[in-house]
Amino acid sequence: FDKAEVPNKELTVEDVVKAKSGLVVPLEITWTETSLLIFTAKKSAKGSAVIIGTKGDTVLFATNRHVVEVPKNAENIERHVLNGDKRHPFTLASQLTDDLDLALITVRVLEQFSTNTIPSAALNDVVVGEECVAIGNTLGHGISVTTGIISKFDSMASFYANAHDSLVLIRTSAPISPGNSGGALFRRKDGKLIGITTATQTRGQNVNFVLPVEYLWKLKLVESSTK
């Protein structure tokens with residue numbers, strides 16, 4: 001007789017946190033703005049980024065476009081991902097467009113890595129009701145964890161004016177607060193990355209949104225950037 005297959009053990013929330021929280025890091029941008037030609041103010045923004053791959057001395061992160069954008073008149077721009085007490089400058093690796101609130105960034109490090117990509121769940125493999133874990137830099141005070149379920153799939157055009165009608169937002173009940181933008185939503189049962197958490201202007205309770213991870217590959221890459 002055929003040997004019965006042993007099912008893969010489903011992960012607990014604690015398992016996912018232990019395995020995946022190190023992939024999500026705080027992100028910080030500072031810049032200066034000058035008004036009336038003489039008044040200069042220092043500005044800053046905080047968010048999250050998630051490691052999605054490595055190759056050689058380069059680590060590739062995903063985040064939200066609105067997290068890494070700065071005003072057109074910004075000067076002295078400094079962009080860093082934070083790892084404990086260490087600050088690593090990052091470079092924009094994708095073009096920033098109004099129709100998709102996603103961005104790819106890269107960090108150069110001293111180590112050498114093989115080519116790896118984070119395990120992810122395709123949009124058509126994500127179902128309403130399954131449990132998920134959100135990890136991000138909540139309120140800019142460090143990495144924290146929330147849990148919930150996949151609640152619904154929404155048309156992105158309902159919430160973003162420039163979004164294409166065919167694009168989908170994943171709705172989740174996992175709380176997503178300011179600072180979580182650019183963080184990760186993982187599937188609880190297997191720890192796969194579902195998408196990148198984002199922020200919208202909704203006022204509904206437990207109505208939070210995630211951009212499917214596969215939409216990252218819709219971004220146009222740039223050769224290099226000094227912005």
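What is the mean pLDDT of the protein, and what share of its residues reach 70 or more? The model is predicted; its mean pLDDT is 90, and 93% of the residues reach 70 or more.

Begin by colouring the model by confidence. Select strand β6 (residues 103-117), where confidence is lowest, at a mean of 92. Then select strand β10 (residues 184-187), where confidence is highest, at 98.

Next, display the open sheet of six strands, ordered β4-β3-β1-β2-β6-β5 and paired in antiparallel fashion. Its edge strands are β4 (86-89) and β5 (91-92), each of which pairs on one side only.

Within this sheet, select β1 (residues 24-35) together with β3 (residues 75-83). These two strands run antiparallel and are joined by five bridges.

Is T30 buried or exposed? T30 counts as buried because its relative accessibility is 13%, below the 20% cut-off. Show its surroundings: leaving aside residues up to four places away in sequence, T30 touches K42, K43, S44, N76, I77 and E78.

Finally, turn to the surface and select L36, L37, I38 and F39. Together they form a nonpolar patch with about 540 Å² of accessible area. Of these residues, F39 lies in strand β2 (residues 39-63), which stands between β1 and β6 in the order of the sheet.

Key
Residues are numbered from 1 along each chain as its sequence is written. This is a predicted model: local features need pLDDT of at least 70, side-chain atom pairs count only at pLDDT 80 or more; totals for chains, interfaces and linings use all residues. Side-chain values use heavy atoms; hydrogens and water are left out. Two strands pair if DSSP finds at least two bridges between them. Helices (H or I, at least four residues) and strands (E, at least two) are DSSP runs, numbered from the N terminus. pLDDT is the predictor's confidence in each residue, from 0 to 100. Buried means under 20% relative accessible area, exposed over 50%, partly exposed in between (1.4 Å probe, protein chains only). Contact means heavy atoms within 4.5 Å. Patches are made of residues with over 30% relative accessible area and no salt bridge: like charges are joined within 9 Å, nonpolar side chains (Val, Leu, Ile, Met, Phe, Trp, Tyr) within 5 Å. Accessible areas come from the Shrake-Rupley method with a 1.4 Å probe; for residues, only the protein chains shown count as cover. A salt bridge is a side-chain nitrogen of Lys or Arg within 4 Å of a carboxyl oxygen of Asp or Glu.
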